[in-house]
Structures are given as C-alpha cells and as structure tokens.
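Here is a friendly note to read alongside the picture. Take the points in order and find each residue as you go.

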Amino acid sequence: MSFEIDWRKNFYGISWAHEKDRIVVSIVFEDKDEAVEISKNIENWSEKFTRLTIIEKEEDEFALCCYQDPQVSKTDKHIGLFRTGMRQSSGYNQVKPIIEEKAPLLQIAFAADAIDITTYEEISKLIPIRKFRIINEKDLKKQEYYYEKMSTL
C-alpha cells in the first residue's frame, strides 16, 4: 500500500464561516465535479486521523494543508488539499484567535463565481478536525510535518 498523497492544489481559495461556536474552513472550488469528487472522498475520513495545518509564511502569507494520515487510512486513494499564497490580512488574522481555542470544521464548497458569495454552494457535510495546528514555515524541517512538507513540493 502506498503512503503517497495526491495533492489537490487547484481550488480557488478558502472562506471562513461561523457555525455555532466554531469556525468553518470552506475550501472553495470553481469546478463542481471536482468539488463533488473530493467531497465524497473526505466525508469518509476519520476525525481521529484528519490533519489540518495552517503554515504561516513571511510577508502576510499563509498556506493550508489538509489530509488524512495515509499510514492509518483504510482507503487506497489518498487525497490531500493544499493551497499557498493566501493573505493573512484577508480574514485569517480575525479568525486565528478563535481557531487557536477550538479546532475548526472543514467543508468543501463550490462557487459558480468565486467573487459572488451568493453563488456559493455547500457540497460536503461539516467534517470535524481533531489534529489542527498552526505552524511557521520553518517548522516544515521537522519530521512530524513530513506530509505538510511534501505538499509544498
């Protein structure tokens, strides 16, 4: 069995929402078929082994990396989500104190027009994340962030 992850990097971006007492990280795709495919895959992820890492970078940027640990996954197909180049000043700085207190929920969304919020459609159910971390880009050197480092290559 392979422990490699198929990194999906072509989503539009993320949006932040509030659900009861938690933040929802919606990963927004402009391709509905791809959003549905990924949604079907991640809805089977085990909360216990799902990882969501925010990598803080220099100059107001951050990256998002999300995957299910392939070493414990019961599926043969390992999909991960990764996107870089997002601005910390575009919402992240406002939600950071909240997500540091309580791990966010994950959701896949589709937007016919990513600039128009009225075209957004929730594709997946809300996925709880047990292993959530905010790290500095320099931390990618550590072995515990092996998959995060692989996602950036």
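This is a predicted model: local features need pLDDT of at least 70, side-chain atom pairs count only at pLDDT 80 or more; totals for chains, interfaces and linings use all residues.

1. Start with Arg51, which sits across from Tyr67 of strand 5. Residues are numbered from 1 along each chain as its sequence is written, and side-chain values use heavy atoms, with hydrogens and water left out.

2. Strand 4 (residues 50–56) pairs with strand 5 in the antiparallel sense through seven bridges. Pairing takes at least two DSSP bridges between two strands; strands (E, at least two residues) and helices (H or I, at least four) are DSSP runs, numbered from the N terminus. Four residues lie between the strands of this hairpin, where Glu59 has a positive phi near 55°.

3. What does strand 5 meet in strand 6? Strand 6 (residues 79–87) runs antiparallel to strand 5, with six bridges joining them. Cys66 has Leu81 of strand 6 as its bridge partner.

4. Is strand 5 (residues 61–68) mostly covered or uncovered? Seven of its eight residues are buried (under 20% relative accessible area; exposed is over 50%, partly exposed in between; 1.4 Å probe, protein chains only).

5. Now look at the largest nonpolar core, which has 28 residues; Leu81 is among those touching the most other members. Such a core is a set of buried Ala, Val, Leu, Ile, Met, Phe, Trp, Tyr and Cys residues joined through side-chain atoms within 4.5 Å. Strand 3 gives the largest share, four residues. A second, separate core of eleven residues includes Tyr67.
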